[in-house]
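Open the model in your viewer and keep the selection tool at hand. Each stop below says what to select and what is there.

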Amino acid sequence: MQKHLFSFPTRRFLSKSIPHDLYDPPFSHSPKLQKTQNKFKQDPPNLPLKSDLPFNFMYSYSETHPSIKPISFRESPKFSPFGPGRLDRKWTGTSAPVQHQVDRNRFEEDRNRVLGAPLEDQEVAELVERYRHSDCSRQINLGKGGVTHNTLDDIHNHWKKAEAVRIKCLGVPTLDMDNICFHLEDKSGGKIIYRNMNILILYRGRHYDPNNRPVIPLMLWKPYAPIYPKLVKNVIEGLTHEKTKELRNMGLNSHPLMKLTRNGVYVNVVERVREALKTEEVVRLDCTHVGTSDCKKIGVKLRVCL
């Protein structure tokens, strides 16, 4: 009896036929989805890309010194970060040098033509008031990589719809802001019209044309850093081993001049260290909360700037 009552609703449900309407399919294609799919179907560009920029392409322009040669590589130089066959320049492991002779004077003339006449004080004040605030949408953040190659493309993308771009610098590059300003102006062709601590405003020029912007091939990935010679040697040049050990112990036991934080603003570090070295033989910086790689970069920057 119970078995008969349990099986009866099941047979009744299976006996019903599922209605099927040819004019109302269960899944219909959305027109919005088709539009988004066709949006990304673009013709590939002509490869390899050719750029007339008169400088060697590097991952970081401000944090890499071309005079210091690496002693080894962590990856083979044949793997270009621009991708296989995408650039007409050969990757050497640290840079992609220019393949032909470049007329630097013609490049400077084109840059001056784009910049046009110098801005008046009122024009500078209006641009600064528009772009100096922290809520500005036209902002680029520079981290420990400094002025990287892909940063140049970001700058020109902002210049399509804005006369200037706000640049906020953090970390190791802020030790030498003059170096940052030089590479931003030299590589992008713009002009620094405002500088306050770690905040910069880069102006594009009066006659800037987004349709005639330079060709900047993008790096598809960050290349591995090469292996450079040892920064801190066991014995300092000109000193004996005993004297070097004595100075190190003196520095480790001394009170730190200042405490550095990770990705902080180090604009005044060089000046304070220079002033302290006038009276002290050894100066100590507390880098407890700074990464090991950043500590090495800070040491290189201080050795160059001092």
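**Stop 1: helix α5**

Select α5 to begin: the helix is mostly covered, with eight of its eleven residues buried. Buried means under 20% relative accessible area, exposed over 50%, and partly exposed in between (1.4 Å probe, protein chains only). Helices (H or I, at least four residues) and strands (E, at least two) are DSSP runs, numbered from the N terminus. This is a predicted model: local features need pLDDT of at least 70, side-chain atom pairs count only at pLDDT 80 or more, and totals for chains, interfaces and linings use all residues. Residues are numbered from 1 along each chain as its sequence is written, and side-chain values use heavy atoms, with hydrogens and water left out.

Which residues of α5 are buried? They are His149, Thr151, Leu152, Asp153, Ile155, His156, His158 and Trp159. Now show what surrounds them. The buried residues of α5 pack against β1, β3 (139-142), β4 (164-169), α6 (177-188) and β6. Contact here means heavy atoms within 4.5 Å.

**Stop 2: the aromatic pairs**

Colour Phe, Tyr and Trp. Their rings (for Trp, the six-membered ring) pair if the centres lie within 6.5 Å; planes under 30 degrees apart count as stacked, over 60 as edge-to-face and the rest as tilted. By this rule there are five aromatic pairs.

Take Phe57 and Phe82. Their ring centres are 6.0 Å apart and their planes lie at 45 degrees, so the pair is tilted. Phe57 is in strand β1 (residues 57-58) and Phe82 in the loop between β1 and β2 (95-96), so the pair ties together parts that are 25 residues apart in sequence. Phe57 is buried, at a relative accessible area of 0%. Phe82 is buried as well, with a value of 0%.

Next, select Trp159 and Tyr208. The ring centres are 5.4 Å apart and the planes meet at 75 degrees, so this pair is edge-to-face. It links distant parts of the chain: Trp159 belongs to helix α5 (residues 149-159), while Tyr208 is in the loop between β6 (199-203) and α7 (241-253), 49 residues apart. Trp159 counts as buried at 1% relative accessibility. Tyr208 is buried too, at 13%.

**Stop 3: the ring cluster and its charges**

Select Phe55, Phe57, Tyr61, Phe82 and Trp91. Ring pairs link these residues into a cluster.

A charge sits over a ring if NZ of Lys or CZ of Arg is within 6 Å of the ring centre and within 35 degrees of the ring normal. The charged end of Arg89 sits over the ring of Phe57, 3.9 Å from its centre. Lys187 lies over the face of Phe55, 5.5 Å from the ring centre.

**Stop 4: Ser51**

Move to Ser51, in the loop between α2 (31-39) and β1. Is Ser51 buried or exposed? At 2% relative accessibility, it counts as buried.

The side chain of Ser51 reaches the backbone oxygen of Val215 at 2.7 Å. A polar atom of the Ser51 side chain also lies 3.4 Å from the backbone nitrogen of Leu53. Beyond its neighbours within four places in sequence, Ser51 is in contact with Phe57, Asp88, Arg89, Val215 and Pro217.

**Stop 5: helix α8**

Select helix α8 (residues 269-276); its buried residues are Val269, Val270, Val273 and Ala276. Look down the axis of α8: the buried residues fall within an arc of 130 degrees, so they line one face of the helix. The arc is that of the directions from the helix axis to the C-beta atoms. These buried residues of α8 pack against β7 (258-259), β8 (285-286) and α9 (292-305).

**Stop 6: Asp286**

Follow β8 to Asp286, which is found in that strand. Asp286 is buried, with a relative accessible area of 16%. Its side chain makes a polar contact with the side chain of Thr288 (2.5 Å). Leaving aside neighbours within four places in sequence, Asp286 is in contact with Pro256, Met258, Lys259 and Leu260.

**Last stop: the whole protein**

Zoom out. The secondary structure comes to nine helices and eight strands. Buried residues make up 33% of the 306 residues.

How values were computed:
Polar contact = N/O pair within 3.5 Å; in protein donor to acceptor, adjacent residues only side chain to side chain.
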